[in-house]
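User: I am new to this structure and would like to learn how to read its features. Can we go through them one at a time?

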Amino acid sequence: DAGAAAKGMAVPAKYWDAAFKRKDAKAQYGLALCYKRGGCGVDQNDVEAFTLFRMAADQGDAMALFEV
């Protein structure tokens, strides 16, 4: 979950990606954390991280809002 990613636990990006496609704000936030830090099986990508944080924030995710 997003909490696990926030604590630095490796959650494979493929699981985040599946939930992201369902437009799940928590999944978007979790995947953004993976891109921000370069973990969970993806390389660091600040642009992708920002895009995902913004998508989650637009859906009302408070933690994502803090990141944008």
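Predicted model: local features only at pLDDT ≥ 70, side-chain atom pairs only at ≥ 80, totals over all residues.

User: Is Leu31 buried or exposed?

Analyst: Buried means under 20% relative accessible area. Leu31 has 4% relative accessibility, so Leu31 counts as buried.

User: How is the length of helix H4 checked?

Analyst: The expected span is 1.5 Å times one less than the number of residues. H4 runs over residues 46-58. Its 13 residues should therefore span 18 Å, and the end C-alpha atoms are 18 Å apart, which agrees.

User: Which residues of H4 are buried?

Analyst: They are Ala49, Leu52, Phe53, Ala56 and Ala57. These residues cover an arc of only 135° around the axis, so they sit on the same side of H4. Val47 and Asp58, on the other side of H4, are exposed.

User: What is found at the ends of H4?

Analyst: Asn45 caps the N-terminal end, with a side-chain oxygen 3.1 Å from the backbone nitrogen of Val47. After H4 comes Gly60, with a positive phi near 95°.

User: Which residues make the nonpolar surface patch?

Analyst: Phe50, Leu65 and Val68 make this patch of about 280 Å². Phe50 lies in H4.

Conventions: Residues numbered from 1 in each chain as written. Heavy atoms only, no water. Patch = residues over 30% accessible without salt bridge, like charges linked within 9 Å, V, L, I, M, F, W, Y side chains within 5 Å. Areas by Shrake-Rupley, 256 points an atom, 1.4 Å probe, with all protein chains shown as cover. Salt bridge = Lys/Arg side-chain N within 4 Å of Asp/Glu carboxyl O. Helix = DSSP H or I, 4+ residues; strand = E, 2+ residues; numbered from the N terminus. Buried < 20%, exposed > 50% of the residue type's maximum accessible area, 1.4 Å probe, protein only. Arc of directions from axis to C-beta. Polar contact = N/O pair within 3.5 Å; in protein donor to acceptor, adjacent residues only side chain to side chain.
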